[in-house]
Amino acid sequence: GLRISVLTYGGMRIPPVSEAQAIATGVRAFELGINHFETAKGYGTSEVLFGKTLKELPREKIILTSKATPRAGASEMVKDIEQSLLRMGVPYIDNYDIHGINLKEHFEAAFKKGGALEGARRAQKSGLIRHIGFSTHGSLELILKTMNTGEFESVNLHYYLFNQRNFEVIQRARELDMGVLIISPTEKGGKLLEAPEKLIAVAKPLSPLELNYRFCLSNPAITTMTVGAASPADFDPHVKAAENIKPLS
């Protein structure tokens, strides 16, 4: 039910920069029409810097995601969410992800009685968060198992032109009406801003970055692609790449 821009501003690379640069980066994202800001408890001071940025923007127009790992129990997960709210200075988080269901142990920690998912549900019931998703670097089998529980509204994962292992997951997400966020399409998608000459030649008339974006965004199952920006100019090649989402054929 959330209307999310095809580009997401990812906050992993923000912590080393100054507060002024962090704010300028977030403001630039909003000016470009990017309405989804994504961070995590584990991204250093990213939540704090996002909080500073949100003070300069209309909060009601931003869809905010944060995340915490499933290793903690229910009470610890509620505490993680409350601390995220304090760090960002917001009364609620639009979407909260169980961060990193990568192994069987993480799945069990999330789903056990008194586990992380139970804590997230408590926070949702009390209005601290509104939607619940998960992120994953796990096996195909584990991702599908997690999705098929029906407990989550979205998934963050890897899927690119040069790594299509999770195609079955993408298709299943569409069947389940789940949002799909593609993690790091530029770096993990093949370091596309540093592409070798051979790839540049093969991709023409598109750039390698544009080729990957067009491949991904022409798939109706994919909702949004993250841009791990650390300065306002970092968005420029991604905005150009996201302008054409027609199928490659």
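Strands (E, at least two residues) and helices (H or I, at least four) are DSSP runs, numbered from the N terminus. The model is predicted: local features need pLDDT of at least 70, side-chain atom pairs count only at pLDDT 80 or more, and totals for chains, interfaces and linings use all residues. Residues are numbered from 1 along each chain as its sequence is written, and side-chain values use heavy atoms, with hydrogens and water left out.

**The barrel and its pairings**

Strand S6 belongs to a closed barrel of eight strands with parallel pairing, which runs S1-S2-S3-S4-S5-S6-S7-S8; two strands count as paired if DSSP finds at least two bridges between them. Neighbouring strands of this sheet are turned by 30° against each other on average, direction ignored. Strands of a sheet pair through backbone hydrogen bonds, either parallel or antiparallel. Strand S1 (residues 7–10) pairs with strand S8 (residues 224–227) in the parallel sense over three bridges, while S5 and S6 run parallel and are joined by two bridges, and two bridges likewise join S7 to S8, which run parallel.

| Residue | Bridge partner | Strand of the partner |
|---|---|---|
| Leu7 | Met225 | S8 |
| Leu181 | Thr224 | S8 |
| Phe134 | Val155 | S6 |

**Helices H4 and H5**

Helix H5 packs on the sheet, where it touches strand S4 (93–99) and strand S5 (129–135), and its direction makes about 155° with that of S5. Axes are lines fitted to C-alpha atoms, for helices over the stretch in contact, and angles run from 0 to 180 degrees between N-to-C directions. Helix H4 (residues 104–111) and helix H5 (residues 116–125) pack at an angle of about 40°, their axes lying 4 Å apart. That makes H4 oblique to H5, given that angles under 35 degrees count as roughly parallel, over 145 as roughly antiparallel, 65 to 115 as roughly perpendicular and the rest as oblique. Ala109, Ala110 and Phe111 in H4 meet Ala116, Leu117 and Glu118 in H5, a contact being heavy atoms within 4.5 Å. The residues of this contact divide into five nonpolar, no polar and one charged.

**Two buried residues**

Asp94 is found in strand S4 and counts as buried because its relative accessibility is 8%. The side chain of Asp94 makes a polar contact with the side chain of Arg59 at 2.9 Å. Leaving aside neighbours within four places in sequence, the residues in contact with Asp94 are Arg59, Ile62, Ile63, Leu64, Arg130 and His131.

Ser184 has its place in the loop between strand S7 (179–182) and helix H8 (197–203), and at 18% relative accessibility Ser184 also counts as buried. Not counting residues up to four places away in sequence, Ser184 touches Tyr160, Gly189 and Thr226. From Ser184 to Ser218 the separation is 34 residues in sequence and 17 Å in space, C-alpha to C-alpha.

Key:
Nonpolar A, V, L, I, M, F, W, Y, C, P; charged D, E, K, R; others polar. Buried < 20%, exposed > 50% of the residue type's maximum accessible area, 1.4 Å probe, protein only. Polar contact = N/O pair within 3.5 Å; in protein donor to acceptor, adjacent residues only side chain to side chain.
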